[in-house]
Amino acid sequence: MNLPRLVATAFVALFALATSTARAAGTDVPKLYAEHCASCHDAGRLGGIGPALLPENLGRLKRDEAQAVIRDGRALTQMPPFRDKLSDAQIKDLADFIYTPPAQAPRWELTDIRASQVIHNKPGTLGDKPVFKADPLNLFIVVETGDHHVTILDGDKFEPIQRIPTRFALHGGPKFSPDGRYVYFGSRDGWVSKFDIYNLKYIAEIRAGINMRNIAVSSDGRFVIAGNYLPHTLVLLDATDLTPLKIIPVRDDAGKSSRVSAVYDAAPRKSFIAALKDIPEVWEIPYSDKAEPIYPGLVHDYRMGEALAAKGPFPVRRIRLDDYLDDFFFDQSYEHLIGAARNGKNGQVVNLIVGRRIADVDLPGLPHLFSGITWDYRGTPVLATPNLKDGMVTIIDMKNWKTIKHIKTLGPGFFLRSHENTSYAWVDVSFSPNKDTIQIIDKDKLEIVKAFKPEPGKTAGHVEFTRDGKYALVSVWEMDGALVVYDAATFKEVKRLPMKKPLGKYNVYNKITRSEGTSH
């Protein structure tokens, strides 16, 4: 990390507001921070050994919880308790300090990204065969956010192969190389990590941003892209060792910048698709060497050389919309994306070939489209999506984009999952008083046929199936949680494994084959 530049250009500006407030109260909080926090969290609060301490990065941690962490430390981490060194008033002042927005947005540039790169094992130096006997395509990558670890789980025996430490606040959706050998992790603090599953070792890590939403891996396995909240950028990396290739500032033609809500790989199109938080646009970024040229604006006849194509590599094709799309879902051909509008009433269907909205969809509430799935319903492909606001699962006909049914559930939920070899879809209601319940939907009847509680009183969520679809794994989202394995046909419990808040688990085969029953 380029600390001299950070201190010189950011330190005073970042803390100006908090400094004046603290001094007015008689406490020099920046000095307190510098003495007790800066060595691990960076003088500019951008993170080091410890996580970044900026409001954007602390969004999932309530202020009183932050005070508790400062006072009591955090188990199984290097965060020590400060209750014997700081008074309650000082602890409160520090918590208020780290939640204070900086007067000037911190920067994270190409030099910073390059300086952060760590090579753990030089690419090409490790063996090409798995060091374990389990089927490498039926493994589960289990993200345990309770103590920042990942468990590599044998999907046949349901036994852990290895448990590895990860960066702080790992995003729940790891991405795989096309052959399933490598998995890429993204953390909320901007770290991208490449892990060799065959050898159970990290290859490389790099910090692509300060606050990152997620990552995607190109279908040819050559590139990784990171979408950032802070700074407002997209960062392209070489998938071999995560060397940075390009930073794309995210702004519209008028210069307004935007956070990146999410970024996805559209494999059949050989391009990345980015959802933007603050600009009503969707961006397509081709990564193929043979991609068609992209011409900004209107062109009468590109064959006559009447316009200049956007320069590559990774040119940006802007698709302008009528409303913001924070999250969306692709059909199986990746010719259409379906996004939820912010008006809470409908969604938009965008045709990626022509680059415009072609239909509206009846999507009330707050559908969680990235957790949507598809299946064949009586000869018609349908999209099914859970809802973060209303207790329903919405079924959409993907031929005419009409709503077939809103299936009522016990409350709002986050995930919906199924598999090609099962007649059922499993949905959680984790955002409701019935958060401990999983409900089962018959995919032909479009009705809920069963409900059960993996552990009464504790939040149940995120289902993932084995490679063959015979078993379903459910997470109990608690620090003293569990991974519960069920027979997907009888719904009977088969096995229970203790886990530290298993946020999600991801089957290698289902992910790399883009199973219709899981997210991509």
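The entries below record what I looked up, topic by topic.

**Ground rules.** I am working with a predicted model, in which local features need pLDDT of at least 70 and side-chain atom pairs count only at pLDDT 80 or more, while totals for chains, interfaces and linings use all residues. Residues are numbered from 1 along each chain as its sequence is written, and side-chain values use heavy atoms, with hydrogens and water left out.

**Entry 1, helices H2 and H5.** I looked up how helix H2 (residues 29–36) packs on helix H5 (residues 88–98), and found an angle of about 95° with the axes 10 Å apart. Helices here are DSSP runs of H or I with at least four residues, strands are runs of E with at least two, and both are numbered from the N terminus. The axes are lines fitted to C-alpha atoms, for helices over the stretch in contact, and the angles run from 0 to 180 degrees between N-to-C directions. H2 and H5 are therefore roughly perpendicular to each other, a term that covers 65 to 115 degrees. Val29, Pro30, Leu32 and Tyr33 of H2 meet Gln90, Asp93, Leu94, Phe97 and Ile98 of H5, where contact means heavy atoms within 4.5 Å. I sorted the residues of this contact into seven nonpolar, one polar and one charged, with Ala, Val, Leu, Ile, Met, Phe, Trp, Tyr, Cys and Pro taken as nonpolar, Asp, Glu, Lys and Arg as charged, and the others, Gly among them, as polar.

How many aromatic pairs does a search of the whole structure find? I noted 20 of them, a pair being rings of Phe, Tyr and Trp (its six-membered ring) with centres within 6.5 Å, called edge-to-face when the planes are over 60 degrees apart. Tyr33 and Phe97 form an edge-to-face pair, at 5.7 Å centre to centre and 65° between the planes. Since Tyr33 belongs to helix H2 and Phe97 to helix H5, the pair ties together parts that are 64 residues apart in sequence. Tyr33 counts as buried at 1% relative accessibility, and Phe97 counts as buried at 2%; buried means under 20% relative accessible area, exposed over 50% and partly exposed in between, with a 1.4 Å probe and protein chains only.

I then turned to Phe158 and Tyr471, which are also paired edge-to-face, with 5.4 Å between centres and 75° between planes. Phe158 lies in the loop between strand S3 (149–154) and strand S4 (159–165) and Tyr471 in strand S30 (residues 471–476), so this pair ties together parts 313 residues apart in sequence. Phe158 is buried at 4% relative accessibility, whereas Tyr471 is partly exposed at 28%. I also wrote down one aromatic cluster, formed by Tyr424, Trp426, Phe452, Phe465, Tyr486 and Phe491.

Arg167 lies over the face of Trp191, 3.7 Å from the ring centre, and the charged end of Arg207 sits over the ring of Trp108, 5.3 Å from its centre. The criterion is NZ of Lys or CZ of Arg within 6 Å of the ring centre and within 35 degrees of the ring normal.

His149, placed in strand S3, counts as buried at 18% relative accessibility.

Terms used
Angles under 35 degrees count as roughly parallel, over 145 as roughly antiparallel, 65 to 115 as roughly perpendicular and the rest as oblique. Rings of Phe, Tyr and Trp (its six-membered ring) pair if their centres lie within 6.5 Å; planes under 30 degrees apart count as stacked, over 60 as edge-to-face and the rest as tilted.
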